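Subject: Structure handover

Hello,

Here is the structure I promised to pass on. Please open it first, then read my notes below.

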Amino acid sequence: MSTFLTIGEPIALFGSDEIDKNLVEAQKFTKYLAGAEVNVAVGVARLGHSTQYVTRLGDDPFGGFIENELTKNNIGTDYIEKTDEFWTAYQLKNRVSKGDPDIYYFRKGSAAAHFNEKILKTIDWTDIELVHLSGIFPAISPESLSVFNKLIEMIDHNQITSTFDPNLRPQLWNSETEMRETLNNLAKHADIILPGINEGKILVGSEDPEIISDFYLNQSEKTSIVIVKLGEVGAYIKQKGETVGATIEGQHVEHIVDTVGAGDGFAVGIITGLLEGIDIKSAVYRGNIIGALAVQSLGDNDGYPDRAKLNDMEKGC
């Protein structure tokens with residue numbers, strides 16, 4: 001069976017149970033598994049694909065919780081190292097009736113930020129078909145950026161297809177200039193790039209999906225597809241060699257519960273579509289469906305569907 005692989009920093013998330021209370025006032029929280037890359041791993045595994053997650057955890061209660069959650073979600077832990085030198089990251093998130101929630105991270109100096117490069121040498125590339133990369137992991141420390149670049153070399157050497165989501169986290173970078181230059185350079189190594197339209201304004205200087213797509217298609221011979229996330233409108237897809245791209249309409253959502261995890265859910269649709277050999281427009285359509293499901297549930301990945309639910313949604317749309 002072909003395998004999906006991703007690398008990142010998983011986080012123990014404490015989500016407030018109290019609506020519209022700020023993080024200072026909130027008293028009751030529920031613990032969840034979170035982190036952009038791990039969200040994608042959860043969604044891909046939930047749809048029945050063999051999945052491996054690469055990371056480093058602290059040998060502490062949060063690390064134990066994350067490892068248990070990965071196992072429960074059928075995510076492989078072959079490439080996870082635990083250490084008693086550094087701690088596992090966690091975060092707080094409030095619950096809001098509208099808009100985006102407030103999030104506060106406790107991740108500086110974490111185990112993942114002190115990632116040990118030797119973990120990469122243990123990866124068996126034999127059955128890996130696709131690797132998903134995010135702009136968050138290379139931002140958490142100089143060590144993680146070095147590891148990220150080493151992993152890119154290994155992906156290129158083994159001729160593995162890769163997807164890249166910029167996933168901007170300005171608070172993790174020294175400056176916007178450093179963030180923009182580093183992420184655009186990393187994007188050159190990806191086959192498929194998944195920027196959001198608001199990210200395009202920062203990374204490319206434009207909110208025009210055509211301009212964003214052309215920038216990434218033209219800066220690298222390797223990049224063959226750019227898919228710009230347009231929020232509730234849907235997504236814009238353009239492939240190398242096309243004069244004009246196409247917009248794939250989004251899914252209508254009556255009530256939004258939590259916007260976090262929608263972009264990662266979108267990536268799940270793209271990735272599983274590629275693994276299953278469906279055409280890219282159908283994969284984007286699937287991504288829109290999963291992204292819409294994500295915003296209707298608490299927790300960063302709780303709304304991602306299993307195979308039966310996805311089949312029903314795809315048939316009904």
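Rings of Phe, Tyr and Trp (its six-membered ring) count as a pair if their centres lie within 6.5 Å. Please keep in mind that this is a predicted model.

Aromatic pairs. On that criterion, searching the whole structure gives 7 aromatic pairs. One of them joins Tyr104 and Phe106. Phe106 is partly exposed, at 27% relative accessible area. Another pair is Phe215 with Tyr216. Here the centres are 4.9 Å apart and the planes stand at 90°, which makes the pair edge-to-face. Are these two residues buried or partly exposed? Phe215 is partly exposed, with a relative accessible area of 31%. Tyr216 has a relative accessibility of 2%, so this residue counts as buried.

Aromatic cluster. Tyr104 and Phe106 also belong to one aromatic cluster, together with Phe14, Phe62, Trp87 and Tyr90.

Charges over rings. Lys31 sits over the face of Phe65, 4.5 Å from the ring centre. Arg107 does likewise over Tyr105, at 4.9 Å from the ring centre.

Helix α4. This helix covers residues 176-187, 12 residues in total. From first C-alpha to last, α4 reaches 16 Å, close to the expected 16 Å. Its buried residues are Met179, Thr182, Leu183, Asn184, Leu186 and Ala187. What do they pack against? Their partners are α3 (142-157), β9 (161-165), β10 (192-193), α5 (197-203) and α6 (209-219).

Best wishes

Note on methods
Residues numbered from 1 in each chain as written. Predicted model: local features only at pLDDT ≥ 70, side-chain atom pairs only at ≥ 80, totals over all residues. Heavy atoms only, no water. Helix = DSSP H or I, 4+ residues; strand = E, 2+ residues; numbered from the N terminus. Expected span 1.5 Å × (residues − 1). Buried < 20%, exposed > 50% of the residue type's maximum accessible area, 1.4 Å probe, protein only. Contact = heavy atoms within 4.5 Å. Phe/Tyr/Trp six-rings, centres within 6.5 Å; stacked < 30°, edge-to-face > 60°. Lys NZ or Arg CZ within 6 Å of the ring centre and 35° of its normal.
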